[in-house]
Amino acid sequence: MILVTGGAGYIGSHTVLALKEAGHEVVILDNLSRGHRDLVFSDHFEEGDLQNFPYLDSVFSKYPIQAVVHFAASSLVGESMKDPESYYYNNICGTLNLLRAMRKKGVIKLVFSSTAAVYGEPAVIPIMENYPLEPTNVYGETKVAIENMLSRYYSAYGFSSISFRYFNAAGADPDGRTGEDHTPETHLIALVLDVALGKRKNITVFGNDYPTEDGTCIRDYIHVSDLARAHVLGLDKLLSGLEGKFAFNLGNGHGYSVLDIVEKAREVTGRYIPSLEGERREGDPPILVASSEKAESVLGWQRRYPDIRDIISTAWNWHLKRFGS
Ligand code: UFG
């Protein structure tokens, strides 16, 4: 059985579906602070917090857990700068508790949710996994700290792990079972679709004087179901005996500017999406685009939905179903 922490969240719920489709039995642990009860796709659900060590310990006693996929974390860059303590506590202490509980029961295989924010503002694009880890925000720092812990856990305890450094997760389950539902919502595509739905008046473009063709920031948007399948591949490698501490970028290798996304969303939805020019958002790097060659060659990862229109249209279908009219 596989324990998925944060399995009621955005990437977590898609990964639970992918794990089950691949034949894995799953137990979900989520404190529902950001996750949703109706997005729990397993009969085995534990509502609880990683901060509670005795409770975690009891979860490992209750189920025959072979490996863990660990999403549960705070993940907003801006919030992490305003309240660093809650990020250190929730992300670093929470993960340390999880690792202790795992080791106590001899569970030594982990797939970990990392981020492109570990790289900060790299000078060379596309970004490779061996680039320096120089995060410019607290969120990214917590993920680097945990990746470092995982290296030490391998050398000291033979604890094997795969860290996936996601670029911009977007889109929704093509069958409409789950999708993005954040409160507050801060992600570009979801906000643009809120405007298309009429839930927001307009989208503010954060900065138009970046060194890019149209002056707006470029990001690498990757379909969340493609991310989910990478977790299954990684997990299966660990279960079949891969040993070590590994890190893989997960992106499409293609960048879209903020204005490109607004334009594509207008095409996909056929709706009016007014945009406003706004100030730069603090800490936004101009361009983040991944090289994911390592995940392709080592894990055999292939994307099913690389087209930005598929990413936006699956998100739009979900948005209409969940929030819309
Ligand atoms: N943006 C706008 N207007 C908005 C919201 C976003 O112009 O209302 C812009 C941002 O400035 C950025 C782009 O749209 O240039 C994408 O912004 P998101 O907030 O959707 O995503 P980020 O690239 O800031 O962050 C995402 C994840 C983080 C992760 C990071 C790694 O949300 O968790 O990718 O690069 F750390």
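**Pairs, edges and packing**

In this predicted model, Val4 has Ile28 in β2 as its bridge partner.

Reader: How do you know that strand β1 and strand β2 pair?
Author: Pairing asks for at least two bridges between the strands. Residues 2-5 form β1 and residues 26-30 form β2, and four bridges join them in the parallel sense. Four bridges meet the cut-off, so the two strands count as paired.

Reader: What does helix α1 touch on the sheet?
Author: Helix α1, residues 10-21, touches β1, β2, β4 (67-70) and β6 (160-166). Contact means heavy atoms within 4.5 Å. The direction of α1 makes about 170° with that of β2. Helix α2, residues 53-62, also packs on the sheet, where β1, β2, β3 and β4 are touched. The direction of α2 makes about 165° with that of β3.

Reader: In what order do the seven strands stand, and what is the pairing?
Author: The order is β3-β2-β1-β4-β5-β6-β11, in an open sheet with parallel pairing.

Reader: Why is one side of β3 and of β11 left without a neighbour in this sheet?
Author: Both β3 (44-47) and β11 (245-250) have a single partner strand, so each is an edge of the sheet.

Key
Residues numbered from 1 in each chain as written. Predicted model: local features only at pLDDT ≥ 70, side-chain atom pairs only at ≥ 80, totals over all residues. Heavy atoms only, no water. Axes fitted to C-alpha atoms, helices over the stretch in contact; angles between N-to-C directions.
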